[in-house]
Structure formats: C-alpha cells, structure tokens
Amino acid sequence: FQRHISFSVGVSFIVLAAVVSLYSVWQHQQMLKTLRPVEIPRHYNVGAGMMVNVIVEILGIALSVYLIRGFL
C-alpha cells in the first residue's frame with residue numbers, strides 16, 4: 001500500500017512539474033507580446049528559456065508514461 005502511495009505522489013510531482021513548465025512557456029509568450037522590440041534587452045535570447053521548459057515538459061510526460069506502464 002505504501003509503495004502505491006509513494007509511486008502516485010512521485011508521478012504526480014513529475015506531472016505537476018511538466019504542467020508548470022508548459023504553463024511558464026505560455027505565460028512567457030504572453031508577456032513577450034506586451035513588449036516592444038526596443039524593450040527587450042540586447043542579446044536577450046527570448047527562446048532559450050522556453051525551449052528548455054518544453055524539453056522538461058516532454059521528458060516529464062515521457063518519464064511519467066514509462067513509470068506508469070512499468071508499474072501496471
């Protein structure tokens with residue numbers, strides 16, 4: 001029984017991190033839409049953070065699916 005609880009909580013944390021990561025990409029995109037190009041600092045890479053978050057989201061979902069399939 002404890003194994004089921006710890007497994008469920010662990011997978012829930014992974015899924016939560018993936019969802020928050022995806023939400024942060026969306027929120028960052030919305031914020032960038034409000035800025036004029038002159039307001040974005042020079043040499044600021046607007047896509048780097050979003051790309052990392054998308055990768056975290058994809059890996060988190062993939063890990064969750066892998067763990068759930070192995071558990072069942």
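Ile5, Val9, Phe13, Leu16 and Val20 together make a nonpolar patch on the surface, with about 470 Å² of accessible area between them. Keep in mind as you look around that this is a predicted model. The protein chain has 2 helices and 0 strands, and here is a short tour of them.

**Overall shape**
- Among contacts with a separation of 6 or more, 76% link residues 24 or more positions apart.

**Surface and interior**
- Of the 72 residues in the protein chain, 15% are buried.
- The protein chain exposes about 5800 Å², and carbon and sulfur atoms supply 70% of that area.

**Helix 1**
- Helix 1 covers residues 2-33 and includes Leu16, a member of the nonpolar patch.
- Leu16 counts as partly exposed because its relative accessible area is 47%, between the cut-offs of 20% and 50%.
- Ser21 also sits in helix 1, but Ser21 is buried, because its relative accessibility of 5% is under 20%.
- Beyond its neighbours within four places in sequence, Ser21 touches Asn53, Val54, Val56 and Glu57.

**Helix 2**
- Met50, Glu57, Gly60 and Ser64 are the buried residues of helix 2, and helix 1 is part of what covers them.

Conventions: Residues are numbered from 1 along each chain as its sequence is written. This is a predicted model: local features need pLDDT of at least 70, side-chain atom pairs count only at pLDDT 80 or more; totals for chains, interfaces and linings use all residues. Side-chain values use heavy atoms; hydrogens and water are left out. Patches are made of residues with over 30% relative accessible area and no salt bridge: like charges are joined within 9 Å, nonpolar side chains (Val, Leu, Ile, Met, Phe, Trp, Tyr) within 5 Å. Accessible areas come from the Shrake-Rupley method with a 1.4 Å probe; for residues, only the protein chains shown count as cover. A salt bridge is a side-chain nitrogen of Lys or Arg within 4 Å of a carboxyl oxygen of Asp or Glu. Helices (H or I, at least four residues) and strands (E, at least two) are DSSP runs, numbered from the N terminus. Buried means under 20% relative accessible area, exposed over 50%, partly exposed in between (1.4 Å probe, protein chains only). Contact means heavy atoms within 4.5 Å.
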